[in-house]
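Welcome to this short tour of one model.

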Amino acid sequence: MAQLNFGGTVENVVTREEFPLSKAQEVLKNETVAVIGYGVQGPGQALNQKDNGINVIVGQRKNSKSWDKAVADGFVPGETLFEIEEALERGTIICYLLSDAAQIALWPTVKKHLTPGKALYFSHGFGITFNEQTGIIPPADVDVFLVAPKGSGTSLRRMFLQGRGLNSSFAIFQDATGKAQERVIALGIAVGSGYLFETNFKKEVYSDLTGERGTLMGAIQGIFAAQYEVLRSKGHSPSEAFNETVEELTQSLMPLVAENGMDWMYANCSTTAQRGALDWWKKFKTATQPVFEELYNSVATGQESQRSIDLNSQDDYRVKLEAELAELRDSEMWQAGKTVRSLRPENQNVD
């Protein structure tokens, strides 16, 4: 592994240069990778592996929407698409990509097919880290590891098709065969990672749950809503409030941050914008850091995992979820956003 300096801290990383796709193909040439679940991460990871020449099969419930999607994506029933138990039996590496709640429900079935020498692959540290809540305790004679792409399966697939890569973390929980490290790194390359950085199961799930509830999803929606509502209450139109709150951030500024960093984005804004940002960012940090401390503690003590398990396991979870998502979708801010997006030049039908 290469050692790179990240802001003064040296970390172990794996790049495509030192571990090219050809090496991943060699490591995995005698493996059958069974992707169990074809929902959020499943399609992107399965299709990227398939396109990279890996022997990948999909396990899914027959006559489900996900089964039909897998067929539409080119997986062939009886050849590369099977009922879950048959895929589990055929697979030498089990990519366990169901939702956390579904993983708990299916675990007894999965466990009985984890024969010696197989590998159990996750893309989240949840099931293993919170095993007192999930009951997911693998047998001692199988490898257990994870590759966690830092984004959605949709982004993973889209960036792969663009010739790019989504950064991923990797971790080894159990090395029963002595080959866990080469297996997990090969899979990380095969699923389309840009580079791989080392972590462990606990750190992965703690950082992931904090990030999802924080800056990646929960906090950003809260900040968007707060600024939008202040602007609207002061007489600004929905179009103006949305553009100043969301559109400029996502379409103009964040791409600059992604390109060269926050300082570079600041340098490419007006001096007035720079001055305001430099004056206010520490106030926002002071205001929000206690919330992030509370959030991290809730993750570390298992409160967040238990709440997720309890709610996501309910029979009417999907109905309740849709109602909560509708609250966001039907809000004035995101209805205004729908109109703003439709007006982007790339979304216009121009003769």
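Which residue in β10 does Leu 166 stand opposite? Leu 166 stands opposite Ser 193 in β10.

## About the model

This is a predicted model, in which local features need pLDDT of at least 70, side-chain atom pairs count only at pLDDT 80 or more, and totals for chains, interfaces and linings use all residues. Residues are numbered from 1 along each chain as its sequence is written, and side-chain values use heavy atoms, with hydrogens and water left out.

The strands and helices named here are DSSP runs, numbered from the N terminus (helices: H or I, at least four residues; strands: E, at least two). Strands count as paired if DSSP finds at least two bridges between them. On that basis, β9 (residues 166–174) and β10 (residues 193–198) pair in the parallel sense over four bridges. From β9 the chain crosses through helix α9 (residues 180–190) to β10, and this β-α-β crossover is right-handed. The term right-handed says that, with the strands pointing away from the viewer, the path from the first strand over the helix to the second runs clockwise.

With β8 (residues 143–149), β9 pairs in the antiparallel sense over six bridges. Here Leu 146 has Ala 171 in β9 as its bridge partner.

## Strand β3 and its two partners

Now to β3 (residues 33–36), where Val 33 and Val 35 point one way and Ala 34 and Ile 36 the other way. In a regular strand the side chains alternate between the two faces of the sheet. All four of these β3 residues are buried (under 20% relative accessible area; exposed is over 50% and partly exposed in between, with a 1.4 Å probe and protein chains only).

β3 pairs in the parallel sense with β4 (residues 56–59) over four bridges, and Val 35 stands opposite Val 58 in β4. Together with helix α2 (residues 42–51), β3 and β4 make a right-handed β-α-β unit. β3 also pairs with β6 (residues 93–96), in the parallel sense over four bridges; Ile 93 in β6 is the bridge partner of Val 33.

Asn 63 lies in the loop between β4 and α3 (65–72). Most residues other than glycine have a negative phi. Asn 63 has a positive phi of about 65 degrees although it is not a glycine. Is Asn 63 buried or exposed? Asn 63 counts as exposed because its relative accessibility is 69%.

## The annotated domain

An unreviewed UniProt entry carries the annotation "domain: KARI N-terminal Rossmann" for residues 10–199. UniProt positions are given in the numbering used here, feature names are shortened, and annotations may be inferred rather than shown by experiment. Over residues 10–199 the chain is 38% helix and 24% strand, and the end C-alpha atoms are 13 Å apart.
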